[in-house]
Amino acid sequence: MKAYWWKILAILLLAYTIIEGLLIDVPRLPILNETIRGLFFHVTMWFGMLIMLVVAVVYGVRHLRTGSLADDDMAVEFTNGAILFGVIGITTGMVWAKFTWGDFWTNDPKLNASAIGLLMYFAYLVLRNSLTDVYQRAKISAVYSIFAFAVFIPLIFILPRLTDSLHPGNGGNPGFNAYDMDSNLRKVFYPAIIGWTLLGAWISTVRVRIRRLERNLEDKLINQ
Amino acid sequence: MKKFIIIFLFFISFFVKAQDKIGITEEDYQNSGVEMADKMRSEGKIYVLVSIIGIVLGGILVYVIQTDRKISGLEKKYND
């Protein structure tokens with residue numbers, strides 16, 4: 001964790017996201033209006049969450065192969081970071097829904113599915129804390145996170161697209177669905193995903209280092 | 001052989017489309033029938049907003065950097 005160039009990259013990309021995200025010309029679409037800029041802030045939270053969950057699953061699998069607790073640290077802290085992003089994503093979505101659809105929560109398939117997805121990850125934290133043996137905790141939570149991830153992807157990406165959903169980009173709705181064709185929005189959207197994800201990874205790795213230091217200190221005290 | 005199949009599947013996935021897209025045209029950028037925050041932009045107030053959010057982000061980043069340096073210092077102390 002000595003390399004720090006990606007932290008500078010994260011700062012630059014986030015500065016670019018906020019300045020350009022608010023200032024560039026965006027397509028003038030009905031209903032969405034200026035809120036199309038939520039693409040750079042709300043949608044990127046979910047993308048960041050997803051990338052961090054992939055990292056968590058990879059380290060979970062690595063833990064199952066090696067049995068090393070250092071891998072478990074990465075897995076749990078990246079899941080924590082992903083949950084933070086998910087909570088921010090759902091809260092920003094609720095604010096947007098209040099002003100666009102008139103209610104904080106509608107029983108839209110996309111919304112309910114993402115709520116279920118988040119609850120699954122809350123259950124992950126509860127499961128972890130209910131086990132006292134560190135190796136057992138690491139192993140069970142690694143297995144759980146693999147299964148949770150496998151359910152999470154269809155829940156938030158596939159199922160809402162199979163039914164009617166009001167959420168932009170789902171159920172044949174225009175809105176963000178159209179951004180795929182628009183290079184102007186892409187110019188900020190992709191850097192924004194990378195920027196937010198790097199920030200999440202940064203916070204997660206700092207917490208991983210705290211965990212490892214804590215464990216090393218404990219080991220030292222026990223062996224004294 | 002396995003690698004070849006993976007690369008092949010990867011390439012055909014580029015041409016797969018899940019949904020029909022509705023394209024955005026130049027007209028969508030000129031469409032003044034849709035209300036946007038044009039007044040705020042013309043008054044330059046948008047720059048106030050940009051600086052406010054910029055400061056918030058800056059504050060969070062400074063906090064993260066401080067935490068990062070603190071843990072680096074502790075790690076160093078531990079290794080000595």
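Helices here are DSSP runs of H or I with at least four residues, and strands are runs of E with at least two, both numbered from the N terminus. With that in place, chain A has six helices and zero strands, and from the N terminus on its elements read α-α-α-α-α-α. The C-alpha trace of chain A spans about 70 × 40 × 25 Å along its principal axes.

Residues are numbered from 1 along each chain as its sequence is written, chains are lettered from A in the order in which they are written, and side-chain values use heavy atoms, with hydrogens and water left out.

On confidence, pLDDT being the predictor's confidence in each residue from 0 to 100, chain B averages 82, and 84% of its residues score at least 70. Where pLDDT is low, the predicted coordinates should not be read in detail.

Let me stay with chain A for one helix. Helix α3 of chain A, residues 69-100, has 32 residues and should therefore span 46 Å at 1.5 Å a residue, which agrees with the 46 Å between its end C-alpha atoms; the expected span is 1.5 Å times one less than the number of residues. At the start of α3(A), a side-chain oxygen of S68(A) comes to within 3.2 Å of the backbone nitrogen of A70(A), and just after the helix G102(A) takes a positive phi of about 90°.

Now to the interface. Taking contact as heavy atoms within 4.5 Å, 37 residues of chain A and 33 residues of chain B take part. The two chains bury about 3,400 Å² between them, 66% of it on carbon and sulfur atoms, where buried area is the accessible area (1.4 Å probe) lost on putting the two parts together, summed over both.

Which charged pairs cross it? A salt bridge is a side-chain nitrogen of Lys or Arg within 4 Å of a carboxyl oxygen of Asp or Glu, and four are found across the interface of chain B and chain A. One joins K7(A) to D68(B), with the closest N and O atoms 2.8 Å apart. E34(A) and R41(B) also meet in a salt bridge, at 3.2 Å from N to O; this pair joins two chains because E34(A) lies in the loop between α1 (5-23) and α2 (42-66) of chain A, and R41(B) in helix α3 of chain B.

Conventions:
This is a predicted model: local features need pLDDT of at least 70, side-chain atom pairs count only at pLDDT 80 or more; totals for chains, interfaces and linings use all residues. A polar contact is a pair of N or O atoms within 3.5 Å; within protein, one must be able to donate a hydrogen and the other to accept it, and residues adjacent in sequence count only if both atoms are side-chain atoms.
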